[in-house]
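Here are my notes on the model, as numbered points. Please read them with the structure open.

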Amino acid sequence: MDEVQRLHHSGSQTDRLVYFPRSDGSRIPYAVYSSQELYDLEQERIFRGSVWSFIALEAELPNPGDFKSTFVGDTPVVVTRNDDGSLSAWVNRCAHRGATVCRAARGNARSHVCAYHQWSYDTRGNLRGVPFRKGLKGSPGMPADFDPKNHALEQLRTDCYRGLIFATFSDRTPLLYDYLGPRMRRGLDRIFHKPIVYLGCVRQYSKSNWKLYHENVRDSYHASLLHAFFSTFNVVRAGARREAVCSDDGLHSWSIIFHTEDASSGASYRDSKISSFKEGLRLEDQSTLANVKEFDQLVNTHIQVIFPQLVAMQILNSLAVRQILPKGPTNFELIFYFFGYTDDTPEMRMHRIKQANLVGPAGLISMEDTLATELVQFATASSGSALSMADMGRDVPDDQQVGSGIAEGRIRSFWRGYQDLMGL
Ligand code: FES
Ligand SMILES: [Fe+2]
């Protein structure tokens, strides 16, 4: 943030809302997880500001007229495929008196008609029809200067990268290609290295702040401790080889954990008496753990977060994108969109669907993540000026922590980037 912006923000209400006592992102005021005022500012400065928010996979909208209802922050948005194959996104709020226009979660339609007074819009959100516009039997109708062109639905910019559709409210947001940057593109190029097919979605609701989930997905440190399945079955253990990358602004990042044989069979967990490590537990059906090699290297987990609404993932052979949707300061919705590659064999398709049980609301792993974020939310609700601490690995420069999963550098980077974006 430049000096002019800093001066502009100084003395503003944000200074009083939350105070970060250190500039390195290692101390986080708990108030950031529950303040309604801060939440309202996030909607303005982040979601309606100059970020690209992930809204859909192109594979969800293969045909002209296909549409999906979703959100950018807490603003309802519809994304549609136009007749010429291009994509449009518009705010789902009627240009007449503000009713929800599209009430279906997804479908196919060439026009969208508001139930209240039947104004109709095309797939781009342009106003096409107004009943009784010219009046009827002595009723005057709309004024003579009424021009439908001036009453389109509010349209957002859209841009795509490798089949991922993003939207922004801002004219200033750089092209998505540049917003992602070379390091983030490298990660997405890996997961989306060939055409995909959309398989379906599951949704879960968490009674916690959306930023707690952003911490969670940047936190490799918890993965082999919170998740009994990971450590017990050597999907992720502390000694596994890793690579982690962060964008310059700290807001986007990915981490890859390579498949690594653990010759000690988890001795470090046993010796450290880590209760989530269930020694001796065996799966009756080992196929759930199969990692069929389909990339250059055998990777057990690849988790990539593109701020603010996307987490792309490969866990074993399960592929998904997750959409993070804030629902007020103390709730968020998490939607998992599962996909495969178009050239999957029927066996591989079934394997992916079976492994979809690893994540999601009833999954073997990630239900624990939203339990963890809720545990933080519940305990910090009335915490005054108390602080969260993220010191693990703080003596080592963040960019030198790539080999270690026992570090919180990407959480610190996230909070530095967040403060900059919010002008805090
Ligand atoms: S509010 Fe939509 S037509 Fe009146
Ligand atoms: Fe986790």
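Predicted model: local features only at pLDDT ≥ 70, side-chain atom pairs only at ≥ 80, totals over all residues.

1. Which elements supply at least two residues each to the lining of the largest cavity? Two are helices: H5 (210-217) and H6 (220-226). Two are strands: S14 (253-258) and S15 (299-306). H6 gives the most, with three residues.

2. Eight residues of the largest cavity's lining are nonpolar, seven are polar and four are charged. Keep the charged ones in view when you inspect the lining of this cavity.

3. How many cavities of 30 Å³ or more does the model hold? The count is two. The second largest cavity has about 40 Å³ of space.

4. Arg-190 contributes, and so does a run of residues made up of Asn-291, Val-292, Lys-293, Glu-294 and Phe-295. Gln-297, Leu-298 and Val-299 also line this cavity. Gln-314, Leu-316 and Asn-317 complete the list. By class, five of these residues are nonpolar, four polar and three charged.

5. Next, a helix pair. The axes of H3 (residues 36-47) and H11 (residues 409-422) come within 10 Å. They cross at roughly 80°. An angle from 65 to 115 degrees counts as roughly perpendicular, so H3 is roughly perpendicular to H11.

6. Which residues make the contact between H3 and H11? From H3 come Leu-38, Leu-41, Glu-42, Arg-45 and Ile-46. From H11 come Tyr-418, Leu-421 and Met-422. Six residues of this contact are nonpolar and two are charged, with no polar ones.

7. Last, a sheet. Three strands form an open sheet, ordered S7-S8-S9, with antiparallel pairing. S7 (111-113) and S9 (127-129) are the edge strands, and each pairs on one side only. On average, neighbouring strands of the sheet are turned by 35° against each other, direction ignored.

8. The S7 and S8 pairing can be checked by residue. S8 covers residues 120-122 and runs antiparallel to S7, with three bridges joining the two strands. His-112 has Tyr-121 in S8 as its bridge partner.

Methods
Residues numbered from 1 in each chain as written. Chains lettered and ligands numbered in written order. Heavy atoms only, no water. Pairing = 2+ DSSP bridges. Helix = DSSP H or I, 4+ residues; strand = E, 2+ residues; numbered from the N terminus. Axes fitted to C-alpha atoms, helices over the stretch in contact; angles between N-to-C directions. Parallel < 35°, antiparallel > 145°, perpendicular 65-115°, else oblique. Contact = heavy atoms within 4.5 Å. Nonpolar A, V, L, I, M, F, W, Y, C, P; charged D, E, K, R; others polar. 1 Å grid on protein atoms, 1.4 Å probe; cavity = no way out; pocket = protein on both sides within 12 Å on 5 of 7 lines; lining within 4 Å. Points joined across faces, edges and corners; volume = space filled by probe spheres on them.
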